[in-house]
Amino acid sequence: MTSISLSLLIGAGMGAGLFLLVRELFPSGPALGPALERLHGPTPRSRRSEQDQAPRLTRAGEAVAERVRHWPGITIPVKNLNLVGESVGELFGAKLLHFAVGLLLPSLFTLIVAMAGIQFPIALSGLVGLLAGAAMWFLPDRQLARRAARARAEATQAIMAYAELAAMERISSAGAQDTLERPAEVGTGWVFQRIQAALLRARLDRAPAWEAMRQIADELGVTAADDIADIVSSAGTDGAAIYATLRSRAESLAAEQAADDQARANAASESLVVPVSLLSMVLLVFFGFPAFARIFAI
């Protein structure tokens, strides 16, 4: 094999690795199936048909998850996965892909510099590859946590609006069951769709509506839904007046959301300090170097 063919082969391998890395770091929009499951909740399907239709990477991720789920230090974020509409196999498939990219990139770099006459020890390349793969193994967890945090903030805003609607329904002398069911019919977002599905299941099971809200709180990880369930259940069992309590909880949710938005804005502003400082230093060197050069040349 000539040097040109070897260079083309190595370049093609690096290009494919960089393409896979960029695709994972900047994922596209969600697929239609997970998006519909996020709106309406998971639909009952046979496990065998799911495994047959799943991509190979997802099936490989499921196999790895089955092996490592009981290892110490390995936790599967089930609530975050349910919140964004992904499966355990998709998460661990992304982990495998990230690990492979991190493992191979140092080796490709070693091959390229070897063509330039610079020799690196193979053991050093393998060690760096293992460290890079181990570091990139946890990258999908961070991406999932960020997406789940955004979805949970959106769910909290929807629950806040739902509490206001429930308070308005309660002041019109509605019963405890109607206080939770009628406001859910007004909204059209994915959170209201999940609430409607949970209330429908509770109605078919002849369970009270506040049990459905507790289920929503467990699925989405939003404690405000559990608080609303406790407030309305007190009216359904003890006949307590809950209008003022619902309004107070909605106002406290609004204050908490405003504080969270302010904290995120402050964090985003602080994250810009380092890039702006580096840019200022580069501009200072760029414009100041000619003047210093003339001073020392005199």
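**View 1. Lys79 and the residues it touches.** Setting aside neighbours within four places in sequence, Lys79 is in contact with Asp218 and Glu219, where contact means heavy atoms within 4.5 Å. This is a predicted model, so local features need pLDDT of at least 70 and side-chain atom pairs count only at pLDDT 80 or more, while totals for chains, interfaces and linings use all residues. Residues are numbered from 1 along each chain as its sequence is written, and side-chain values use heavy atoms, with hydrogens and water left out. Lys79 sits in helix H5 (residues 78-84); helices here are DSSP runs of H or I with at least four residues, strands are runs of E with at least two, and the numbering goes from the N terminus. With a relative accessible area of 42%, Lys79 is partly exposed. On that scale, buried means under 20% relative accessible area, exposed means over 50%, and partly exposed is in between (1.4 Å probe, protein chains only).

**View 2. The whole chain, for orientation.** The protein has 14 helices and zero strands, so to speak a run of α-α-α-α-α-α-α-α-α-α-α-α-α-α along the sequence. Of its 298 residues, 31% count as buried. Take the contacts with a separation of 6 or more: residues 24 or more positions apart account for 67% of them.

**View 3. Helix H4 against helix H6.** Two packed helices are described by the angle between their axes and the distance between the axes. For H4 (residues 56-68) and H6, the axes come within 7 Å and cross at roughly 95°. The axes are lines fitted to C-alpha atoms, for helices over the stretch in contact, and the angles run from 0 to 180 degrees between N-to-C directions. On the H4 side you'll find Leu57, Thr58, Ala60, Gly61, Glu62, Val64, Ala65 and Val68, which meet Val88, Gly89, Glu90, Phe92, Gly93, Leu96 and Leu97 of H6. By class, that contact has nine nonpolar, four polar and two charged residues. Nonpolar covers Ala, Val, Leu, Ile, Met, Phe, Trp, Tyr, Cys and Pro; charged covers Asp, Glu, Lys and Arg; the others, Gly among them, are polar.

**View 4. Helix H6 against helix H7.** The axes of H6 (residues 88-115) and H7 (residues 122-137) come within 7 Å and cross at roughly 155°. That makes H6 roughly antiparallel to H7. Among the H6 residues in the contact are Phe92, Leu96, Phe99 and Leu103, and H7 brings residues including Val128, Leu130, Met136 and Trp137. Sorted by class, the contact of H6 with H7 has twelve nonpolar, seven polar and one charged.

**View 5. Tyr162 in the nonpolar core.** The largest nonpolar core has 48 residues, and Ile159, Tyr162 and Ile195 have the most contacts inside it. A nonpolar core here is a set of buried Ala, Val, Leu, Ile, Met, Phe, Trp, Tyr and Cys residues joined through side-chain atoms within 4.5 Å. Helix H8 (residues 139-171) supplies the largest share of this core, ten residues. Not counting residues up to four places away in sequence, Tyr162 touches Leu180, Glu181, Pro183, Ala184, Phe192, Ile195, Leu199, Met213 and Ile228.

View 6. H9 (residues 176-184) and H11 (residues 209-220) pack at an angle of about 45°, with their axes 8 Å apart. That makes H9 oblique to H11. Ala176, Gln177 and Leu180 in H9 meet Ala209, Trp210 and Met213 in H11. Arg206 lies in the loop between helix H10 (190-204) and H11, and counts as exposed at 80% relative accessibility. Its phi is near 60°, a positive value in a residue other than glycine.

Conventions:
Angles under 35 degrees count as roughly parallel, over 145 as roughly antiparallel, 65 to 115 as roughly perpendicular and the rest as oblique.
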